[in-house]
Amino acid sequence: MRLLNTRKYFHDRGVKFAAVVILKQQHIDDVAIEDRLSFIRKASVLDSKNSFFVLPPGGQNELQDFVNNLYRSLYDYALSYYSQQVKRIRKKRARLPAPTSSSRPPMAPSHPHQAQTVVQPLNVQGWMIRYDIKAGMFSEFKQDIDGATRSYESAYGLLLDTFAPTSTITPGYPGLSARSKRWVESRMLADCLNLKICRLHMFLDNHPSVLAQLNRHLHAFQSFSTTWGMGEGSFEYWAWLSKQYRIFADNLDVAIKAGFKLPIPTPQISSSSPNIPANQVGPNGAGLGFVGLIGGVNPGTVLQHAGFYYHVAAMCSAERRRRFLEMEKAEKAIIRAAEAQAALQTPTSEDEPSKESETVLPPTPSGNAMLLTKERQIDHPALTIDLLTKGYEQFKKHKNARMTLYLAAEIAGTYYEAGKYEMALKYVSVPVFMMWPGWSDIRHLGSLCFLPFSYRFFERIGKTYRKENWHTVLTSILRWSLRCAKELGAWDHVVEYLIELMAGQLTMAEQKRIDIQTELNDIIYKNEEANASVHRPIILNMDQLNSFLTCSVQFKSRTTTVGTAVSFQITLATHPDSPPMPFRFTFMRIVFSDVRFNQWYTDLGDNSDKPPGNDTIEWIDCTDCELTEQEGGSIWTKKIDLRFVKNASKVIEGVVLPIEGGDLKVLTVTMGLESPHWNVQLYFSVADRVVEQVTGRRKWLEVGGVSEDAQLMLGTSTGTQQPHKFTMLDGRGDVPVLRVNNRAPQIDVEIRHSSPAFLDECYPLNVSVINSEAEAIQTQISVEIKAVDGQESADFVTLEPIAGEQYIGPMALTDIDVGTILPGEVGSHIVYLHGTGVAATRQVTITIHYSVPSQSGNLVERQEVIRVPFMAAFDTTFEIYPQIEPPRLESSEDALDFLPPSLERTERNLLVAAVKSNGPWDIAVEGVELLVEVSLFTSIEYGSREILLGTSGICETNNPLGKVTQEYSAGNFGTEEHSNVWKPGYIFSGNYLLRLTTSDMTAPKSPVRVGTLVITWRRHSDDVNDDAQSAERLPLSKTVVDVPNLEFIKNELALIADIPPEAHVGEPFTLTYTVHNPTLLLVELAATIELTDAFVFSGYKQTAFRVLPLSSTRFHYNCYPILTGRVKLPRFKVVVKKEGTIVGVEREIPMETVGGRSIPYVAGAVAVVVPEKEKAAAAGAEEDTSGQLLVFSEAATHNEDDHHN
């Protein structure tokens, strides 16, 4: 029933009604739920498709999908509904009479306060405003932004007319009375319509219209406020203006976050000729009639980001406070005048007591008392700071660095005006705090947010102003800081600010500079409050501040040698306008990188002499300083005049005598003011200065002498003092660094060695030092080896001859003591170089350090660099020859023609190693040995017999994939004397028979590592220098060469023939053919044997057979030779018919012989099997003898035997 009543209620009002039923989990199991839902739908007369929806229980995603579908289904109905509402409202507005014919002026109230109580009905203009606002609202709901904007603008224009003194739309109708209820409501409505229109223009990305509407609203109410008595001279106007800018900035910020793009300001184009279009601009901004670009754009004509309007709102808020204070001051003056007048009218005791006294009323304030009382409750500084903070965030987000600093200064100024001096002085937290994400959450906590920080406010923002020479802004900041520091009693900061305010770059009057200098002297020496306690030392880096004093340092020469004195000059120059009065420092300190040269100058303290005048250069000689012992050590001291006047220079010249090499720097120059309670230090960090631009030439002050011509003309002993002059030195800028070089070494170095060097050998290097000094020297050497091309290597240097495989040392040896070398004598030392890895040139750096007794602290150095080519001692090549053999048989399988499946497989490989002597020197080789690698899966069996210098035996390595067995090895060393000495180009050949066995030939097999070939050798004794280590004492070197890995032959069908080495007529022999199937497939084969005239044989002439996977089949043919000579054997041919599931592709299996692809031949009475590839390469092989055999008669054999007998 309730659903039906609700539907009827909305239906009577023309509202589309839809119901959504959300089921619970227990309703799903209710069998009557469908009937209940159908009953409810029919009773409520709702359409099940568009008005009645049932939503089963589900998750958030299902609910969101339903809402989206509901929105899409009702979207057309909503558009239709709002369109009807807009049409209805426009029809009502059209039926209104014309305002000029139906309106009449309202009745004038008979009492001034009656205007507040008499309710006037809306006139036609008011109804038009009402209908336009409703039409705009429904158009906005309809998402017709253009229509809504037109309706709101129409309503806004009609509303503005109601504020005019006389309506232009309704003639004779006066404007709204100021401060009436309807006036307040209309004014608030106008502000809302203005913001609404601005937002709609932002939706349409219409930048000019947004700014035009804002300016229209502000200008209209600016003119209205004057007639209302609340113009620019009242705080009400500025409060309203600040509010407008703030709300507009909030809306603009929201729009930008939602995707609104600000326009990019472009410079305007001007033309000097009206007939030439302004867009015809030349390449450099000039056209046919001088078309140029106007410098910049008026920011008031371009829509900017929200920070700009927050800043304007803050300025209006500050003006609001000033206007309020002025009005409050005027109001108090009125009250005081009224009280004084009332006091004059009050009867005194001298009047007659019988006479009745008149009642005196208290003074009545003006009509602004209520407004002032309400305004006093406003915290103006907090409101202004909040607006400035928001503006700071916006300017920082848009990366306007200078504006952020300016706003920070405005925040500090606001604190100062509010009397919060500590907040203003310590407001360095603003730029740092703004970077913290939580700043926006605590910025309204007031003073709790601004904790004391170690940096002052002006230090944070002053860097940019100093760097870019914004002296006017910087002066204002310093004055604010100075006033705050005085109010807080922070005298340390007062002194700092006064010193910087003395800078001549800061524009101010002469008297103001005098006042600042006088105040500084009073605080340091006279002010009782400032000298109540001992203050901490104040250290000011004058390179980071504006200073009235500049400092430059010059060494006369950039370089010198140990023991040679060098002069230096420190020039202290004052600004042309500062200091206005003579300024006296207490001390001057010069700090060097070597504390032994530090200098301390103190002031003479003599005021009798007249201070130097302006435009003078004063030279002070400090080359005669005295060495004085102090608490911190020795220091050079002297008393000089430390008075400074404006536009003058002091050049202080000193001298240093370096006693050791290196860089001698002037680190800092400090000017100090010292009193019993103060220690102020103005230091110049001359060594850390960064030169940002090209400076002038180096200058050196030459001291003027006495003119001899003047002495002759005057006939006196004293002449005229010539002025000091600056002379130019080489280079530019300051030179605070003196490069001190050690004196030239007086020694000769001789390095002897036998180049080139071999890799892996112990290479001797003899270093000899010849003393040419006049006295004995204590000598040490350092040796370093490294690759020239920058490649990484494991090279190292040793002092003793050590084998490379026993020790890996450092790449450099330092401080090798050679001992004392007398004048004219020679000291020697041998070092040993070890080069490994890549054959390349090595750079060997040999450094000799020595000292003489007369200059124990002076270490003289000489460096020699040589290049030693390192080459490989041997060039080794390997060849691998597979040896074919039939499958291995057990003893019980010898008589079987069919060999059962087997996973084992064995292959033999002949490894031939050729080792060539590469270098130009003779090499004594002690042995060449093949070492099979031993690993966790390797076992080795040794058995050997001596064959010259080689070995033979069995050496095995086992791993999961295969086993390598060394069955035989031999070397071709000679037997003559000194056979182990290899000449350059000598080639050693070693043969090694290796057996490769696997227990599972089906498993995946990777190459099997064999091991290494180790060559043990040393240089022959004739090639080693006599003064170096003899060859017998040098350790043996070992060159290790990796042997190529072995791989199993690919698993393919193989036909192997076993042919006897010889045959004789009348003697039968057996040919054995083995068909081996190493694959995992069953193969079907067909075998045939061809007849020949030279043999008679027994066996199958043609047969078909199968070979199981991993199995073999053998065929035996008994042959009887009947012819002699080179005859062909019967050809045995095997063709593959079927391999696994592959049928129809026939191929012949190539035949191989035991030991390799070969043919037999007989030399004399013995048939010798020669590999096929060697036969093809043999010289003179003109015919193919494959499958042939030399057969001899039996008689010939017997005759040859008799001959031997």
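Strands β12 and β16 (residues 649-656) run parallel and are joined by five bridges; strands here are DSSP runs of E with at least two residues, helices are runs of H or I with at least four, and both are numbered from the N terminus. Within this pairing, Asp 621 has Glu 653 of β16 as its bridge partner. The structure is a predicted model, in which local features need pLDDT of at least 70 and side-chain atom pairs count only at pLDDT 80 or more, while totals for chains, interfaces and linings use all residues. Residues are numbered from 1 along each chain as its sequence is written, and side-chain values use heavy atoms, with hydrogens and water left out.

The two strands belong to an open sheet of four strands with mixed pairing, in the order β6-β8-β16-β12, where strands count as paired if DSSP finds at least two bridges between them. Because β6 (549-555) and β12 (617-621) each have a single partner strand, they stand at the edges, and one side of each is left without a neighbour in the sheet. On average, neighbouring strands of this sheet are turned by 20° against each other, direction ignored; the strand axes are lines fitted to C-alpha atoms.

His 535 is buried, at a relative accessible area of 16%; buried means under 20%, exposed over 50% and partly exposed in between, with a 1.4 Å probe and protein chains only. Its side chain makes a polar contact of 3.1 Å with that of Asp 492, a polar contact being a pair of N or O atoms within 3.5 Å, one able to donate a hydrogen and the other to accept it, with residues adjacent in sequence counted only if both atoms are side-chain atoms. A polar atom of the His 535 side chain also lies 2.5 Å from the backbone oxygen of Ala 530.

A cis peptide bond joins Ser 578 to Pro 579, with omega about 5°, and Pro 579 lies in the loop between β8 (566-574) and β9 (583-584). Another cis peptide bond, between Ser 755 and Pro 756, also has omega of about 5°. Arg 179, though not a glycine, has a positive phi of about 70°; this partly exposed residue has 37% relative accessibility.

For the chain as a whole, there are 24 helices and 56 strands, and buried residues make up 41% of the 1205 residues.

Technical notes: Axes fitted to C-alpha atoms, helices over the stretch in contact; angles between N-to-C directions.
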